[in-house]
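Please have the sequence and the structure open while reading.

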Amino acid sequence: MAIALITGGGSGIGAATGTLMAENGDTVILADINVEAADNVAAAIVASGGKAESAALDVRDGRAFAALVDRVVADHGRIDLIFNNAGIGVGGPIEDLTAEHWQRIVDVNIMGVVNGIRAAYPHMIRQGDGHIVNTASLAGLVPSPMLAPYAMTKHAVVGLSLSLRPEAARHGVRVTALCPGPTETPILDSKGPEGLPPNDVFSARDLLMKATGEIYPVEDLAAELVAGIAANKSYIVAPRRARMAWWIHRLVPAVVEKNAIRLVSWAVREAERLDTSRA
Ligand code: NAD
């Protein structure tokens, strides 16, 4: 049975994945900046007979990340899987964003993943085995207007994962990029990172619903993820509608661009409507 460390394990995709893996008999360590949330998920898993621990971690802190992974290896003898899953959303028209918005999302969504790889990969090389699962997004594969900072970081995670995969293969280490379409988790209702001017121009949930017409249940995504890991997929793009969007973008990018322009018009109208209703 595997030993798995999941960042962002206190909520959404991380919590659902941890819960499912624990049901399958794996031991999960749920790490989150919101340690109370991770405590609650771990306690629920343990209460239903599974093996789970929680840990406080800010993925931006490379030293703390390495110390946590070292502790997991000291306690359990190995680390089989790391899910670099913690992430935040930053959206809104680019002209409204500050330098701090860009820096924050790079620090969490890109450097958080890099820190996880730097912490776990040396152990996996030594073990001659392991699996690194990086959560990107459908926004890492197709244009995502009004979510440009988010899309930028997720494209970086896809590039990092696809490039590391062939490198890591010679050490027996597998690498997967998870690219979900809109999935039912609290991130859809986020107005952006704490302490920075919020995006109250439109709701991310409404934008994504408009773009894709579907919000995927998180338990279904966790099931596809676990199956995709077992099959050692390089990408897991889910649900089907997200896979179709990715295919259409590769086959006929002009169609996707037209839709993206329509989406921007919707967001602008929505912003004007909200402005008028506030006035
Ligand atoms: P979520 O908000 O439910 O969970 C994110 C978790 O990450 C939270 O528990 C949060 O406390 C934690 N976190 C945030 N910053 C952190 C930090 N610096 N250090 C440690 N933990 C931190 O959202 P989610 O949808 O479950 O998001 C998980 C991942 O999935 C993210 O990378 C997100 O970008 C990605 N994703 C989500 C969707 C979606 O529609 N829900 C789609 C594609 C990709």
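Which backbone oxygen does the side chain of S144 reach? The side chain of S144 reaches that of V142, at 3.2 Å. The model is predicted, and the points below are grouped by topic.

**Residue S144**
- S144 sits in the loop that runs between β5 (130-135) and α5.
- With a relative accessible area of 16%, S144 counts as buried because the cut-off for buried is under 20%.
- Leaving aside neighbours within four places in sequence, S144 is in contact with A139 and A151.

**Helices α3 and α4**
- Helix α3 (residues 62-76) packs against helix α4 (residues 99-127) at an angle of about 30 degrees, and their axes are 9 Å apart.
- The crossing of these two helices is right-handed.
- On the α3 side the contact is made by G62, F65, A66, V69, D70 and V73.
- On the α4 side G112, N115, G116, A119, A120, H123 and R126 make the contact.
- Six residues of this contact are nonpolar, five are polar and two are charged.

**Nonpolar cores**
- The largest nonpolar core has 38 residues, of which L5, F65, V69, I82 and I132 touch the most other members.
- Elements that each supply at least two residues of this core include β1 (3-7), β2 (27-32), α5 (148-169) and α8 (240-251).
- Helix α4 gives the largest share, seven residues.
- Beyond its neighbours within four places in sequence, V69 is in contact with L5, I79, A119, A120 and H123.
- Another core, of 27 residues, lies apart from the largest one, and V41, L81, L225 and I236 are among its members.

Note on methods:
Residues are numbered from 1 along each chain as its sequence is written. This is a predicted model: local features need pLDDT of at least 70, side-chain atom pairs count only at pLDDT 80 or more; totals for chains, interfaces and linings use all residues. Side-chain values use heavy atoms; hydrogens and water are left out. Axes are lines fitted to C-alpha atoms, for helices over the stretch in contact, and angles run from 0 to 180 degrees between N-to-C directions. Helices (H or I, at least four residues) and strands (E, at least two) are DSSP runs, numbered from the N terminus. A crossing is left-handed if the near helix is turned anticlockwise from the far one by less than a right angle, and right-handed if clockwise. Contact means heavy atoms within 4.5 Å. Ala, Val, Leu, Ile, Met, Phe, Trp, Tyr, Cys and Pro count as nonpolar, Asp, Glu, Lys and Arg as charged, and the others, Gly among them, as polar. A nonpolar core is a set of buried Ala, Val, Leu, Ile, Met, Phe, Trp, Tyr and Cys residues joined through side-chain atoms within 4.5 Å. Buried means under 20% relative accessible area, exposed over 50%, partly exposed in between (1.4 Å probe, protein chains only). A polar contact is a pair of N or O atoms within 3.5 Å; within protein, one must be able to donate a hydrogen and the other to accept it, and residues adjacent in sequence count only if both atoms are side-chain atoms.
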